[in-house]
Amino acid sequence: MLVQQGCDFSAGNKLNGAYVFNGNDFTTGAMIGQTSGIPLNSNIINSNKLLGNTDELNIKGIYSLGDILEDNGYKQILMIGSEAEFGGRRAYFEQHGNYDIFDYNSALENHSIPEGYKVWWGFEDEKLFSFAKDKALELSKEEEPFNLTLLTADTHFTDGYVCELCNNEFPDQYSNVLSCASRQIEAFVSWIQEQDFYENTTIVICGDHLYMDAVYINKCIDPNYQRKTYVNFINSPIQQKNFTNREYSTLDLYPTTLASLGVDIEGDRLGLGTNLFSDKQTLIEMLGYEKVNSELKKNSSYYMNKILLGW
């Protein structure tokens, strides 16, 4: 199992994961939170703009994971099976890190998929992993270090997408999709581990946000179960200091990802995130999830002027 190979900042055999705050509970907000340590506050930004294709997302006052890696010579690629413009994702990743973006439209343009092909959000994860293997091999032959980021989509609500690799193991569709996704991710990681570049490669696996289908949640998940997103750091050059069940959010993945590459972070904090490999407390460990989440829902002139507008 992959979880046994990496670090999720737990103690013992109990699986741990990240809490999700308001503003990081949808895909664009999640990706921004995990790479910049801030929520995308819907009280300030017109969230309706993020429900379709837009190039209007422009967050000026942040210095993100992509910015840092670009400034240190990294080649950066974002690969997704949908249209990158949806939710302002293209705008964010091009503005912060100058990512080369391969999406559904790219696959059509370079004939990676047949003309007119479209399933689910564009093309399925099976193809995404295949394209990513080719890209990883290409990048590994170049001199500069690289950041290859994938966004999968087969497990998106409602009920997920049943691809050709899915088995009929469970009575409901979504459980079968989840099982298939797990097998594909494990196979992709195993493939990376067989490559020459793996020795100097950190793999970060993380969910973006909690599943949104209330019907499945109410039917299949114990109401007393604390839902979190999956987190796993594999082949990091540094190790967890405190073997306790850390209480953390997806915002903490920003400094933790950098630390997992061997970066020394002064103060072990970036944005609202804390380096989980350090002994510093996260905001949740200091104040509790409910307190922090309620504060993040409030309007903030500092957030509006300094973070969003870069004044």
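Predicted model: local features only at pLDDT ≥ 70, side-chain atom pairs only at ≥ 80, totals over all residues.
Helix H1, residues 27–36, is mostly covered, with 10 of its 10 residues buried. A parallel open sheet is formed by 3 strands, while strand E6 takes part in antiparallel pairing with strand E5 and with strand E1.

**Helix H1 and its surroundings**

- The buried residues of H1 are Thr27, Thr28, Gly29, Ala30, Met31, Ile32, Gly33, Gln34, Thr35 and Ser36.
- Gly37 follows H1 and has a positive phi, near 75°.

**The parallel sheet**

- The open sheet has 3 strands in the order E3-E2-E4, and their pairing is parallel.
- Strand E3 (100–102) and strand E4 (146–151) are the edge strands, each of which pairs on one side only.
- On average, neighbouring strands of this sheet are turned by 15° against each other, direction ignored.
- Strand E2, spanning residues 75–80, is joined to E3 by 3 bridges, and the two run parallel.
- Within this pairing, Leu78 has Ile101 in E3 as its bridge partner.

- Strand E5 (residues 203–206) has a covered face made up of Ile203 and Ile205, whereas Val204 and Cys206 form an uncovered one.
- E5 pairs with strand E6 (residues 229–234) in the antiparallel sense, over 4 bridges.
- Ile205, which belongs to the covered face of E5, stands opposite Asn232 in E6.
- E6 is mostly covered, since 5 of its 6 residues are buried, a term that stands for under 20% relative accessible area.
- Strand E1 (residues 17–18) is joined to E6 by 2 bridges, and these strands run antiparallel.
- Ala18 stands opposite Thr229 in E6.

**The second largest pocket**

- The second largest pocket holds about 370 Å³ of space.
- It is lined by 22 residues, of which Val3, Gln4, Gly6, Asp8 and Ser10 are the closest to its centre.
- By class, this lining comprises 10 nonpolar, 10 polar and 2 charged residues.

**The enclosed cavity**

- Rolling a probe the size of a water molecule over the atoms shows where empty space is left.
- The count comes to 1 cavity of 30 Å³ or more.
- The volume of the largest cavity is about 30 Å³.
- Its lining consists of Phe21, Ser249, Leu251, Asp252, Leu272, Thr282, Leu283 and Ile284.
- The residues of this lining divide into 5 nonpolar, 2 polar and 1 charged.

Terms used. Residues numbered from 1 in each chain as written. Heavy atoms only, no water. 1 Å grid on protein atoms, 1.4 Å probe; cavity = no way out; pocket = protein on both sides within 12 Å on 5 of 7 lines; lining within 4 Å. Points joined across faces, edges and corners; volume = space filled by probe spheres on them. Nonpolar A, V, L, I, M, F, W, Y, C, P; charged D, E, K, R; others polar. Pairing = 2+ DSSP bridges. Axes fitted to C-alpha atoms, helices over the stretch in contact; angles between N-to-C directions. Buried < 20%, exposed > 50% of the residue type's maximum accessible area, 1.4 Å probe, protein only.
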